[in-house]
Amino acid sequence: MAATLRIQSDWSRALSRDEGEAWLSCRSPGKPTLYGSVTRRGLSSDGVPDMVASEGFVVGEVTKKSILISCPHENVSTKFLAPYTSFSRIHQKSITCLDISSGGGLGVSTSTDGTMKIWQAANGEIRRLLEGHVYDVNCCRFFPSGLVVLSGGMDAQLKIWSAEDASCVVTFKGHKAGILDTAIVDRGRNVLSCSRDGTARLWDCGKSACLGIIADCGSPINGIAVGTADNSLNLGTPEKPPSEREVGTEGKILLLAREDKKLQGVGLQSRQPVFLFIGSDAFNCCTFLSSTYILAGTQDGNIYQLDDLGYVLDLTEADCDPVYKVASWEKEIYTCCRDGIVRRYQLSDL
């Protein structure tokens with residue numbers, strides 16, 4: 001496992017003044033942890049902080065909202081990005097899931113306070129309360145129209161809701177344990193779900209029926225995401241022809257964020273494994289930024305960006321709390337954690 005660089009969770013506040021200091025650490029399996037700090041010496045002529053790191057660490061590119069830190073001894077670099085906005089009043093307790101509508105105007109989220117809410121993405125103002133699941137609601141997601149929401153709960157049920165009047169229009173049953181995440185294929189004729197029962201399933205919305213089990217991992221699947229695969233990936237061949245009710249699965253890859261510390265890619269139509277990545281702790285969530293960029297969050301607070309860059313992107317201020325969900329819209333990323341705060345990051349700040 002590669003070395004991990006961490007920075008003080010509130011580093012952007014700590015370094016907002018001259019002589020402000022934030023701690024650093026670099027942990028590598030089987031080796032003593034390296035500790036250090038980064039200090040702000042002042043501002044450049046264009047308003048960008050002038051930073052310097054202690055011995056063993058190197059400061060690279062700095063912007064008003066990000067800083068690139070390297071540890072040459074362990075050959076690791078991480079770019080830390082501070083949130084642009086935080087919303088702390090949407091829920092009263094931990095936020096377990098969130099999504100942003102295709103137009104970027106609305107957010108939907110679930111919480112351990114027992115609620116599922118639709119809110120304005122710009123300011124966190126609550127618009128709708130969705131009620132109908134038995135027990136906790138674990139996951140929620142907008143359909144591409146931005147007018148319909150898909151949710152899953154500990155009652156092992158999937159539900160489809162109207163975002164306009166908060167009514168439940170369809171309920172799916174079939175999982176043997178609580179549903180932990182969902183995904184939508186193309187425009188939404190088919191949807192996906194994953195569960196504590198260790199399976200990921202494909203559903204036909206028109207007939208409210210299960211089209212098949214995409215993966216059976218033997219370990220809870222905490223999160224899933226579907227995306228168009230890069231041409232370089234071999235997705236495999238289906239063992240039998242897909243159902244005529246299966247729409248838009250060709251050329252797609254399904255990500256599985258697993259409890260057993262594994263992030264897995266599976267060909268959606270073929271049901272064949274494509275890749276397997278082992279992380280630092282249980283993977284709670286995953287999402288595609290593009291056909292080659294993947295974000296995944298773990299129980300120990302790490303957020304992995306898997307791509308062809310020379311560094312890992314770390315979205316900070318979660319204070320090592322578990323990261324429950326990451327959602328993206330254009331150049332913005334939203335995260336939710338155990339501390340009950342929704343954080344909005346702007347990749348333009350990089």
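Mentor: The following account takes up the strands in question and then places them beside other parts of the chain.

The model is a predicted one, in which local features need pLDDT of at least 70 and side-chain atom pairs count only at pLDDT 80 or more, whereas totals for chains, interfaces and linings use all residues. Residues are numbered from 1 along each chain as its sequence is written, and side-chain values use heavy atoms, with hydrogens and water left out.

The domain assignment gives domain 1 (4–81) and domain 2 (85–346); such bounds come from an automatic or database domain assignment. The C-alpha centres of domain 1 and domain 2 lie 32 Å apart.

Strands here are DSSP runs of E with at least two residues, numbered from the N terminus, and two strands pair if DSSP finds at least two bridges between them. Strand S21 (residues 221–228) is joined to S22 by seven bridges, and the two run antiparallel. Within this pairing, Ile224 stands opposite Leu256 in S22. On S22 (residues 252–258), the antiparallel pairing with S23 comprises five bridges, and here Leu256 stands opposite Gln264 in S23. Gln264 also has a bridge partner in S24, namely Leu276. Strand S24 (residues 273–278) runs antiparallel to S23, and five bridges join them.

The connections can be described in the same terms. S22 and S23 form a hairpin with three residues between them, and Lys261 in the turn has a positive phi of about 70°. S23 and S24 likewise form a hairpin, with five residues between them; in this turn Arg271 has a positive phi of about 65°.

As to cover, buried means under 20% relative accessible area, exposed over 50%, and partly exposed in between (1.4 Å probe, protein chains only). Seven of the seven residues of S22 are buried. Both of its faces are covered: Lys252, Leu254, Leu256 and Arg258 lie on one side, Ile253, Leu255 and Ala257 on the other. Strand S23 (residues 262–267) is mostly covered, with five of its six residues buried.

Tyr135 lies in the loop between strand S12 (126–129) and strand S13 (137–142).

Four strands form an open sheet in the order S1-S2-S3-S4, with antiparallel pairing. Strand S1 (4–7) and strand S4 (49–53) stand at the edges with a single partner strand each, so one side of each is left without a neighbour in the sheet. Strand S3 (residues 34–43) pairs with S4 in the antiparallel sense over five bridges, and the bridge partner of Arg40 in S4 is Met51.
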